[in-house]
Amino acid sequence: MGLETSVPVMNNPENFPDPEVRLYEKRKAVHPQRIDGKFRRLKWVIMALTLAVYYITPWIRWDRGPYAPNQAVLVDLANRRFYMFGIEIWPHEFYYVAGLLVMAGIGLFLLTSAVGRAWCGYACPQTVWTDVFQHVDRFVDGDRNARMRLDKAPWTAHKTVRRLFKWSIYLFIAFWTGGAWIMYFADAPTLVVDFWTGQAAPVAYASVAILTATTFIFGGFMREQVCIYMCPWPRIQTAMMDENSLTVTYKDWRGEPRGSLKKAEAHPGSFGDCVDCNQCVAVCPTGIDIREGPQIGCITCALCIDACDRVMAQVGRPRGLIDYATLEDSELEMAGKPHSPIRKTLFRPRTILYTSIWCAIGLAMLFALGNRTRIDISANHDRNPVYVQLADGHVRNSYTVNLRNMENRPREMIIGMTALEGGVIWSNEGSREGAGQRLTTTVSADSVARLRVYVAAPGTGPEREDFALTVTAADDPEARDIDEVFFERPETD
Amino acid sequence: MSEKKRVDEPTGTETVGHEWDGIEELDTPMPRWWVWTFYATIIWAIGYVILYPAIPLVNSATEGVFGWSSRGDYAMQVAAREKELEPIRQALVSTDIRKLNGSPELLQQAIEGGRSAFKVHCVQCHGSGAAGSAGYPNLNDDDWLWGGDLEAIEYTLIHGIRNPDHDNTRFSQMPAFGRDGILQPGQIADLVSFVRTLSGKEKSSAAAGRGAGLFAENCAVCHGPDGKGSRDLGAPNLTDAISLYGLDRASLTNTITNSRYGVMPRWGQRLDPATIRMLAAYVHSLGGGETLPALEDVSEDTLDQVGDGARNIGTGNEQS
């Protein structure tokens, strides 16, 4: 609604300087200029935070006692366990991870509908690492103009050495990125030693190699092309945004027609606020011109806002010629009305719906986590033979029973049976002599014990009788599980 | 059709020289990367032909410098696995079978090994679930003709049953009472009635009463005066619910008239001792295995030395 009127035809192809449409065009290297401002500082803080989370998390210790690893966050693929602080997830509970992913997805929806592509602009690893690499460029080759000059310069020895130096820094960062990744999959302190002494698993070296390569290529060379051509998220986000989502907006109604200060002085009143200094383009890490309107290449990092604010301050015009604004606010502003209140922008049915779905999934998962049983029985009736005739006229059935102890301590468990007339139960550890209606066994910490369980009952009775095998923790009658099985007898003549 | 090659102006590429209704084909050169990849595959192929079996000849193919073959590869894998298992086999053979129960881990490995060997050597008669069939004993039940502890099972495996050329084989033979004219058909009918009363299949009757006398004269020598059989002779217990050939009148009459017995090969001359021990452990584990009388002799020290097993399954049954 109102899109046509609120956004002037800046992205009409006729307005582009070069009307020739080509099917393929070589990438033009982006050399963003250094800028400082409140959004740049926010980016620094978020970069520091996200990198810190990435590098430090595997090193946080979490005491789980003698039977489980003491790494706070550990994806133990080898033993098929997933640890996250106080939570341990078994493979069959992977839906918790799925739930987390769904929450992450809906969280992104919420973030997008409220503050636009904030994820792209600040927190996405591609953005963060590209930012790091661009700072490396700046450190080695100087700022925008120097880098552009060097780019165009012929390949002299000097340039080669510079490039090799820069690429080795790239490689170094890329290696540490890949190196940190594997720490999530094994005990970090042990793995570091193993890695450098050549004793780590081949998959560890392969992972580091692959991630080093992808970081080196994506962060060092592909950069904004990943966002523009490879990533599906910008497309999805375009669909997620509406007239109330914050987006970086060039206020063309205020800025156009653009003209230099000199021109503006010569013809007062005929030019807008934009002095056409091109600073917004110079600082853009994806190399776009925000004045062409909202576009897929804009990751809303807001560095152009910083650049424009600075210029506006210098020329003595009000800040915010480029600013975060919703489409609705743009329209209001154009009409000379005040912005709608921020609570109306943030709390609208859409964001409230996302928030409630997000919370509902979170609460449901917390509830399920709090109530999950850490003990489990699964029994399989033997198929061959289905039953065994015993000498005393009784019939025996055998079951393969898996007892799951999901706690980090050995547990004594009682296997019992329900309603099987005259039935007794014993396991491969015991014998039929003295067998009763239940048996106890100890299952070691955090593991599955496999038992062969035998059930004998009188030979007279139905050919197939349903009953159930139960397991109860000896130390906690509340912790129990049941599995329905059946008992087979020979066909009666 | 014009055969004259010309250069296409917009692209600067030569055409192939054919023209169909004004449509021409550009003779675009292969991309350089493609050509180099193609050369690389040629070099690779030459190397492959030299190193690996490649050119088919009349009876075989060229062997290649590496001498690789899929059969050889398989043999190597088998040998490697055998080598891995060797310590277990050694340990099995050197452990007293009466003490095998004391090392749960070794026992479990023996059972798993036996499970595999059983599928190769035993299923032909005893069935894949070891449940047997008429004339072939069910190894899951608790009724044993020659004994069901580990030692007895191993003995049976090594020496077989009723091997005519072997002194230590388990041997017994029931006379063919009817066929050889020892008993008359009427007597056999009486005997059948009596035998069926032993396992409660039939109520006492006059015929069964007459059969009791015949049983004492002809059968009790092996099957015992109470019909409970003898494991020394492999004589089945006639009082239980299990029988090898069936307890219905027709089956029993046939058995007494013609005498029926089975034969099992002596695996001692076919299999190595470790495999036999594995088979014994497996058969014993099927649910009917009996405790060794000698197990009480195994001291606590021995059990302590063995340590904890592969699986932490603690105590056995609990009386309720």
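The model is predicted, so local features are limited to pLDDT of at least 70 and side-chain atom pairs to pLDDT 80 or more, while totals for chains, interfaces and linings use all residues. Residues are numbered from 1 along each chain as its sequence is written, with chains lettered from A and ligands numbered from 1 in the order in which they are written. Chain A holds 18 helices and 14 strands; helices (H or I, at least four residues) and strands (E, at least two) are DSSP runs numbered from the N terminus.

**Overall shape of chain A**

- The radius of gyration of chain A is 33 Å, whereas a compact globule of 493 residues would come out near 23 Å. The radius is taken over C-alpha atoms, and the globule rule is 2.2 Å times the number of residues to the power 0.38.
- Along the principal axes, the C-alpha atoms of chain A fill a box of roughly 115 × 60 × 45 Å.
- Of the 493 residues in chain A, 28% are buried. Buried stands for 20 or more other C-beta atoms within 10 Å of the residue's own, exposed for 12 or fewer, and partly exposed for anything in between, with C-beta atoms placed from the backbone.

**Strand β8 of chain A and its partners**

- Here is a handy strand to start from: 10 of the 12 residues of β8(A) are buried, so the rest of the structure largely encloses it.
- β8(A) runs antiparallel to β12(A), with 12 bridges joining them; pairing requires at least two DSSP bridges between two strands. A:Tyr399 has A:Val453 in β12(A) as its bridge partner.
- With β6(A), β8(A) pairs in the antiparallel sense over 7 bridges, and A:Ile375 stands opposite A:Asn405 in β8(A).
- β7(A) and β8(A) form a hairpin with 4 residues between them, and A:Gly393 in the turn has a positive phi of about 90°. These two strands pair over 2 bridges, again antiparallel, and A:Val388 faces A:Arg396 in β8(A).

**Nonpolar cores**

- The largest nonpolar core has 31 residues, and A:Val401, A:Ile425 and A:Val453 are among those with the most contacts inside it. Such a core is a set of buried Ala, Val, Leu, Ile, Met, Phe, Trp, Tyr and Cys residues joined through C-beta atoms within 7 Å.
- Elements giving two or more residues to this core include β6, β8 and β12 of chain A, and β12(A) provides the largest share, 6 residues.
- A second, separate core of 27 residues includes A:Cys280, A:Val283, A:Ala302 and A:Ala307.

**Where chain A meets chain B**

- 32 residues of chain A are in contact with 24 residues of chain B, where contact puts C-beta atoms, placed from the backbone, within 7 Å.
- On the chain A side, the elements giving two or more residues include β7 (388-389), β8 (394-405) and β12 (447-458), while β11(A) gives the largest share, 6 residues.

**Chain B**

- Chain B is divided into domain 1 (7-51), domain 2 (85-170 + 263-294) and domain 3 (185-258), with bounds from an automatic or database domain assignment. The centres of domains 1 and 2 of chain B, taken over C-alpha atoms, are 69 Å apart.
- Three strands of chain B form an open antiparallel sheet in the order β1-β2-β3. β1 (7-8) and β3 (23-26) of chain B are at the edges with a single partner strand each, so one side of each has no neighbour in the sheet.
- B:Trp20 stands opposite B:Ile23 in β3(B).

Note on methods:
Two residues are in contact if their C-beta atoms, placed from the backbone, lie within 7 Å.
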